[in-house]
Amino acid sequence: MPRTLPTPPIEDHALLGNTRSTALVTRDGAITWLCWPRPDSEAVFAALLGTEQHGFWRVAPARYDTTAPAPCARRRYRGNSLILEQEWDTENGTVRVTDFMPAPNSADPAPAQIIRVVEGLSGLVRVASEFRPRPAYGRLNPVIHRAEHHGRACLTATSLHDSYWLDGPRHSPGTQGSCRADFEVAASQTLVLALTWQPARSPALPPPDGLRELADTARYWETWSSGCTYQGPHHGAVLRAAITLKALCHMDGGIIAAPTTSLPEAIGGERNWDYRYVWPRDSALTAAALARLGHLDEARAWRDWLITTVDPANLQVLYGIDGEYPVDEHVLRHLPGYENSRPVRVGNGAVGQLQLDVPGEIADALLVAEDAGLRPDPGADALLLALAEQVEKRWREPDEGIWEVRGRRRHFTHSRLMCWVFFDRAATLLARRRTVDPAVVRHLREVRDEIHADVCANGLDPQRGVFTQYYGGRDLDAALLLIPAVGFLPGDDKRVIATVEAVQRELTTRDGLVHRYPTHDRDGANVDGLTGHEGAFLPCSFWLADALAAIGRPDEARELLDRLLLLPNDLGLLAEEYDPVNGRQLGNYPQAFTLLALADSCRIQAGPAPLPAQRTEPATTTAREPAAAMVVA
């Protein structure tokens with residue numbers, strides 16, 4: 001029978017990635033989450049949300065009883081890369097397992113492959129590879145057999161649509177679809193295992209040269225990391241955040257919010273969502289953060305994806321990685337969930353929502369990227385003009401807002417704030433273009449000013465002098481900490497100061513971490529339409545640090561940022577939320593929203609630093625058209 005092992009904390013997992021795929025690895029050497037060929041594909045290893053019977057692959061010192069596998073004694077990423085090194089000390093010696101996904105190369109832009117290099121450091125250590133593929137999120141038992149693979153014996157696992165080729169030591173098929181190989185490694189001895197995905201019935205790829213791929217992958221990540229222009233305080237944390245964000249940038253240009261689904265925002269609760277898709281908001285924020293750090297290639301790829309994917313007349317809240325609409329949200333009832341946190345969801349019901357803030361984040365990211373050196377693109381200008389037509393029609397409507405509430409629509413103040421940002425940034429960008437009629441720019445600014453007046457008149461609680469979550473309400477919203485950051489009002493405005501102080505007073509934990517908005521125990525009392533509570537929201541906690549600096553309290557801002565920088569795990573990774581009572585990360589992991597907020601906060605408190613001139617993009621020679629755009633005379 002499959003073992004029932006203790007569930008590792010979320011923060012105990014390491015990330016592997018190569019801009020095509022992602023995976024999570026535990027301290028005991030098990031890959032417990034792997035979706036192939038893309039992060040939004042079905043998982044072949046889903047033990048993260050269940051048990052080992054739902055799929056895993058462990059390479060670690062062998063054991064022959066039912067005790068839990070031993071965690072590694074040490075782990076780290078090699079240099080500035082996503083190459084994971086884990087080491088075990090045993091009574092017979094020390095062994096290192098190095099896990100990575102091969103970097104993009106000229107032969108394959110990013111192979112769907114995981115390579116695991118086992119290296120003896122001392123003594124003679126017996127190692128086991130335990131392999132249990134379970135496609136379709138652990139529902140299917142593939143057909144497993146030995147085969148010849150380019151003149152070498154290997155193991156294949158085949159399901160309806162997928163084939164998995166495992167090269168390395170000879171694995172013996174066991175019961176219930178599990179396989180195992182035992183082997184010894186002596187000091188200075190190296191052995192390579194490789195798992196490769198191919199569509200079913202496709203010819204097998206040649207076995208990789210694992211050590212060459214390792215060297216090439218290390219070179220790829222070090223070269224990419226050297227392009228980071230940030231040299232301020234907390235450089236290591238910022239660079240590690242940037243590397244993780246890069247892993248969430250798919251080779252097709254889309255940027256996913258996180259590589260996981262249904263990691264809970266409260267253990268045992270229902271706030272479990274699928275984040276393996278491209279949110280235009282989150283991807284825009286990620287592209288902007290990377291552009292500020294000097295990584296213009298990712299900003300350009302995101303902009304290209306945006307231009308060719310988005311229909312301005314029907315801007316969606318989220319997309320599949322290649323631009324299609326995600327599957328409808330549904331529940332995987334066969335999975336018990338992380339620490340029995342149900343339901344496990346695939347797809348995201350927010351796809352049908354109205355979130356009026358999204359064009360604002362898009363326009364702001366386009367401006368940030370251009371100011372960082374990215375050349376203008378006529379297709380992006382056409383997209384902005386077409387979006388302006390839509391936002392002008394709809395900005396007065398209620399929506400579900402940035403937090404994707406599943407309660408009724410409201411006139412969220414943050415949504416109106418970001419509509420103001422949209423017209424402000426669009427006017428700024430288009431005023432630079434000689435091809436745009438100045439009357440168009442004047443009109444954009446007139447709408448911008450109208451929205452500004454509307455927010456100041458209706459988003460403010462006149463009794464307390466603070467901005468509230470929605471028009472006519474009294475609850476606070478940590479998203480309004482962004483008011484000074486986006487330039488809507490200056491930090492010394494008394495309304496801004498009162499709002500920041502109210503959020504600090506009413507929405508923070510004793511450790512200074514910030515909740516997004518109030519939650520209540522009473523059924524139906526939460527604005528989000530859900531029951532119960534959630535952890536402190538880490539991006540909002542970084543926003544508070546930024547807002548404290550903006551209102552002239554730099555010492556408090558630095559103190560809070562220093563506390564927040566203690567929360568990443570030993571590999572520099574952060575989830576969406578944090579439980580300060582139990583000292584645990586919560587929510588999907590690692591989370592782009594959190595890591596970009598970390599990078600931005602460190603950069604803000606370090607002060608502005610111009611990008612070097614050589615990072616400027618060459619002039620655009622070919623304009624791409626948006627999926628649908630208003631024609632401008």
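Colleague: In this predicted model, which residue forms a salt bridge with Glu370?
Modeller: Glu370 lies in helix α6 (residues 358-371), and its partner sits in the loop between α8 and α9 (438-458), so the pair ties together parts that are 62 residues apart in sequence. The closest N and O atoms of the pair are 2.9 Å apart. The partner is Arg432.

Colleague: How many salt bridges does the structure hold?
Modeller: Besides Glu370 with Arg432, the salt bridges include Glu397 with Arg394, where the closest N and O atoms are 2.9 Å apart. Another one is Arg553 with Glu556, at 2.8 Å. The structure holds 58.

Colleague: What is the relative accessibility of Glu397?
Modeller: Glu397 forms a salt bridge with Arg394. Arg394 is partly exposed, with a relative accessible area of 32%. Glu397 also counts as partly exposed, at 27%.

Colleague: What is the distance from Asp477 to the nearest side chain of opposite charge?
Modeller: Asp477 is found in the loop between β19 (466-467) and α10 (494-506). Asp477 is buried yet has no salt bridge. A salt bridge needs nitrogen and carboxyl oxygen within 4 Å, whereas the nearest side chain of opposite charge, Arg516, is away from Asp477 by 7.6 Å.

Colleague: Which side chain makes a polar contact with that of Asp477?
Modeller: Asp477 touches Trp403, Gln469, Val503, Leu507 and Arg516, not counting residues up to four places away in sequence. The polar contact has a length of 3.5 Å. The side chain that Asp477 meets there belongs to Gln469.

Colleague: Which residues touch the most other members of the largest nonpolar core?
Modeller: In soluble globular proteins, nonpolar side chains tend to be buried together. Here the largest nonpolar core has 193 residues, and its largest share, eleven residues, comes from helix α8 (residues 413-430). A second, separate core of seven residues includes Ile115, Ala194, Leu214 and Ala218. In the largest core, the residues that touch the most other members are Trp57 and Trp543.

Colleague: Which residues form the covered face of strand β14?
Modeller: Strand β14 spans residues 179-186, and eight bridges join it to the antiparallel strand β9 (residues 113-132). Its uncovered face is Arg180, Asp182, Glu184 and Ala186; of these, Glu184 stands opposite Arg126. The covered face is Cys179, Ala181, Phe183 and Val185.

Colleague: What is the phi of Gln176 in the turn between β13 and β14?
Modeller: Strand β13 (residues 172-173) pairs with β14 in the antiparallel sense over two bridges, and Pro173 has Cys179 as its bridge partner. The two strands form a hairpin with five residues between them, Gln176 being in the turn. Its phi is positive, at about 55°.

Colleague: What is the omega of the peptide bond between Tyr589 and Pro590?
Modeller: Most residues other than glycine have a negative phi, and most peptide bonds are trans. A cis bond joins Trp36 and Pro37, with omega about 5°. Pro590 is in the loop between β22 and α13 (592-606), and its bond to Tyr589 is also cis. That omega is about -20°.

Colleague: Is Asn340 buried or exposed?
Modeller: Asn340 is found in the loop between β16 (330-331) and β17 (345-346). Its phi is positive, near 60°. Its relative accessibility is 52%, and the cut-off is over 50%, so Asn340 counts as exposed.

Conventions:
Residues numbered from 1 in each chain as written. Predicted model: local features only at pLDDT ≥ 70, side-chain atom pairs only at ≥ 80, totals over all residues. Heavy atoms only, no water. Core = buried A, V, L, I, M, F, W, Y, C linked by side-chain atoms within 4.5 Å. Buried < 20%, exposed > 50% of the residue type's maximum accessible area, 1.4 Å probe, protein only. Helix = DSSP H or I, 4+ residues; strand = E, 2+ residues; numbered from the N terminus. Lys, Arg positive; Asp, Glu negative; His and termini not counted. Polar contact = N/O pair within 3.5 Å; in protein donor to acceptor, adjacent residues only side chain to side chain. Contact = heavy atoms within 4.5 Å. Pairing = 2+ DSSP bridges.
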